[in-house]
Amino acid sequence: MIIPRITQNKTESNNEGSEPFNYYISWFQSGASGRVPIAELPTDVTNPSNIVFVYETGNFINWDSEEVPSGGQSSSGKYGYDTLLFNRLATNLGEPVNVVKHAIGGTAVKFATNTGNGDWNIASTQIFDNYPILRQRIINAENYIRQVLGKTPNLLAILTDGGETDSLQSDKDTFKTDFINVINGFKSLATWTNEPITIHRELGLNQNGVNQWMIDAQNEFANNDSQNGGIDDYYLIPNTGFTLLDTVHLDAQSVNSQANQALVILENQLSTLWK
């Protein structure tokens, strides 16, 4: 059963109508947490000072802080496409980009105990599960923006990368329901003025375990609205010429291309909201 999203969080605040504070969510699997060694990426990822990241306490700290779990830099010194994306966006905007993130490789939206690194079960009450971790970070970020910064939170986009584990363990209909529920859950937790866009990379059959039904499901998200099995304002980065670092993850060239394509989508869809 698909759980309907709530049309904008209406949390009471003395700051309603105040200056908006734009932020983004980045989540899901290893493509987001980072698998490409920094030495192989363009130099604009080496100094990610233009990105700030919400920590558990709710305050925003530099993306490259060693205290950021599952943030811009993994413990092995590797990065994902979103670090490139957000750095380039910040440079174009001339101001920092604010991100709420949690991404762990090998996870799935399907509720299962054998994924190794947990799942994104929206019904979970275990604080160490992945959905509750990000749920709390979103709540903390919203509270910090309102109570400390005195501004109104405004979620602009949800950046996601993954689905390989679900392709191994789930099926098309189950995945679609589970994935839509997670996206709706994020939107229900956040405050936003315009419907947040969702950007997802199309998976490829050259990736270990990826089935055609997964690719079909992603395209159905993009080609249909929420009333017809899709996701409103969902944009799919096409898998055209992406090459791999190993049997699953994109190599540096493809990660760079993914970041550039995501940046084009953000700028095309959100430019009027930045002015």
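What volume does the largest cavity have? I noted about 110 Å³ for the largest cavity.

**Ground rules.** I am working with a predicted model, where local features need pLDDT of at least 70, side-chain atom pairs count only at pLDDT 80 or more, and totals for chains, interfaces and linings use all residues. Residues are numbered from 1 along each chain as its sequence is written, and side-chain values use heavy atoms, with hydrogens and water left out.

**Entry 1: the cavity.** Rolling a probe the size of a water molecule over the atoms shows where empty space is left. On a 1 Å grid over the protein atoms alone, a cavity is a set of points where a 1.4 Å probe fits but cannot get out. Grid points are joined across faces, edges and corners, and a volume is the space filled by probe spheres set on the points. My search of the whole structure turned up one cavity of 30 Å³ or more. It has 17 lining residues (those with an atom within 4 Å of a point), and Ser30, Gly31, His249, Leu250 and Val255 are the closest to its centre. Helix H1 (30–33) and helix H7 (252–274) each give at least two residues to this lining. Helices (H or I, at least four residues) and strands (E, at least two) are DSSP runs, numbered from the N terminus. I sorted the cavity lining into six nonpolar, seven polar and four charged residues. Here Ala, Val, Leu, Ile, Met, Phe, Trp, Tyr, Cys and Pro count as nonpolar, Asp, Glu, Lys and Arg as charged, and the others, Gly among them, as polar.

**Entry 2: Tyr79.** I found Tyr79 in strand S5 (residues 78–79). Is Tyr79 buried or exposed? Tyr79 is buried, because its relative accessible area is 3% (buried means under 20%, exposed over 50%, partly exposed in between, with a 1.4 Å probe and protein chains only). From Tyr79 to Ser30 I count 49 residues in sequence and 9.6 Å in space, C-alpha to C-alpha.

**Entry 3: the pocket.** A pocket is an open set of points with protein on both sides within 12 Å along at least five of seven lines. The largest pocket holds about 340 Å³ of space. Of its 16 lining residues, Pro20, Phe21, Asn22, Glu95 and Asn98 are the closest to its centre. Strand S1 (20–28), strand S6 (97–103), strand S7 (152–161) and H7 each give two or more residues to the lining. Which element gives the largest share of this lining? S1 does, with four residues. The pocket lining divides into nine nonpolar, four polar and three charged residues.
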